Each structure stands twice: as structure tokens, then as C-alpha cells.
Amino acid sequence: MPIIQIQVSAQASAALTQQIADGVAELTVQLLHKKAELISTVITCVSPQDWVVGGQTLAAQGLHSFFLGIKITDETNTKAQKAQYIAAVFEFFKSLLGALHSESYVHVEDVRATAYGYGGHTQEWRYHARAETEA
């Protein structure tokens with residue numbers, strides 16, 4: 001787990017989707033220490049003509065942008081890890097897309113373990129089940 005939602009100002013292609021998914025997953029594993037097999041990613045491409053920042057389209061500004069939202073279980077990462085992740089994601093998209101508008105966002109959302117889960121179980125349930133198994 002986590003779930004990652006990405007909007008990117010680019011024309012959709014299978015190759016771009018795979019590049020984004022692979023690059024973001026790699027950073028998520030390396031910097032936030034999440035399990036690769038539990039990462040889900042949804043990528044939406046938006047034409048730069050349809051993305052407006054400061055009253056002008058990105059196409060008119062000759063820039064790209066992205067928004068990445070990632071939900072992680074609260075208290076599983078430090079402030080420093082999250083800051084490093086945000087910086088690395090920005091640099092990744094800059095290397096992939098070229099000139100980025102500074103209004104490109106990464107939102108790391110810490111979600112309470114009792115309010116977040118997958119497969120019908122909360123992260124809190126998983127924590128206690130794992131603790132019982134290890135005891």
C-alpha cells in the first residue's frame with residue numbers, strides 16, 4: 001500500500017504511463033520504504049491547453065505541471081523522509097517532462113490506520129494481526 005494518484009500535463013501514451021508508474025514506484029520504495037507489490041498508481045494525462053496556472057494555460061507558458069497525491073499510513077514516515085520524497089518526485093518529473101511550472105504539487109497524506117486499508121481490512125487491523133503472529 002499506498003495509493004498514488006497523478007495528474008500530469010502531457011499527451012497520454014502507454015510508454016509515458018509506464019515511465020511515470022515505474023519512476024514514482026521506485027522513489028516510493030527507496031525513500032518511503034513502501035512495498036513495491038502493494039503500490040497502486042492511477043495516472044491521468046491532461047492536455048497543457050486544459051491546465052491553467054495563474055490565468056494562463058501551460059501550453060501558452062511553454063511549461064508542464066503535475067499533481068501527485070499519495071496516501072500513506074500515519075506515523076510510518078518521518079518529516080525528513082517526506083521532504084526528501086517531495087523533492088525527488090519534483091526532480092523526477094522535471095527530468096521526464098522538461099520545464100515545470102513551480103506550481104507542481106506533491107501531497108503526502110498521512111491517513112489514520114483506523115481509517116485506511118485495502119482488501120477489506122484496516123491498517124490498524126493488520127498491525128494487530130501481525131503483532132499477534134509475532135508474539
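Helix α1 buries L16, I20, A21, G23, V24, L27, T28, L31 and L32, where buried means under 20% relative accessible area, exposed over 50%, and partly exposed in between (1.4 Å probe, protein chains only). The model is a predicted one, with local features needing pLDDT of at least 70 and side-chain atom pairs counting only at pLDDT 80 or more, while totals for chains, interfaces and linings use all residues. Residues are numbered from 1 along each chain as its sequence is written, and side-chain values use heavy atoms, with hydrogens and water left out.

An α-helix has 3.6 residues a turn, so residues three or four places apart point the same way. The buried residues of α1 pack against β1 (3-9), β2 (40-46), β5 (66-73) and α3 (79-97); contact here means heavy atoms within 4.5 Å. Just past the end of α1, H33 takes a positive phi of about 60°.

Stepping back, the protein has 4 helices and 8 strands, taken as DSSP runs (H or I, at least four residues, for helices; E, at least two, for strands) and numbered from the N terminus. In order from the N terminus, the elements go β-α-β-β-β-α-β-α-β-β-β-α. Of the 135 residues, 36% count as buried. The C-alpha atoms fill a box of roughly 60 × 30 × 25 Å along the principal axes. Among contacts with a separation of 6 or more, 75% come from residues 24 or more positions apart.

Next comes the core. The largest nonpolar core holds 25 residues, and I6, V8, V24, L68, Y85 and F93 have the most contacts inside it; such a core is a set of buried Ala, Val, Leu, Ile, Met, Phe, Trp, Tyr and Cys residues joined through side-chain atoms within 4.5 Å. At least two residues each come from β1, α1, β5, α3 and β6 (105-111), with α1 giving the most, 7 residues. Setting aside neighbours within four places in sequence, F93 is in contact with I6, V8, I20, V24, F66, L68, G98 and L100. V108, in strand β6, counts as buried because its relative accessibility is 14%. Beyond residues up to four places away, V108 touches I70, I72, K82, Y85 and I86.

Then there is the largest pocket, with a volume of about 460 Å³. A pocket is an open set of points on a 1 Å grid over the protein atoms alone, where a 1.4 Å probe fits, with protein on both sides within 12 Å along at least five of seven lines; lining residues have an atom within 4 Å of a point. The volume is the space filled by probe spheres set on the points, which are joined across faces, edges and corners. The lining has 18 residues, and K34, T73, T76, Q123 and R130 lie nearest the centre. β5 and α4 (123-134) are the elements giving two or more residues to this lining, and α4 has the largest share, 5 residues. T73 sits in strand β5 and counts as buried because its relative accessibility is 12%. Neighbours within four places aside, T73 is in contact with D110, V111, A113, Y116 and Q123.
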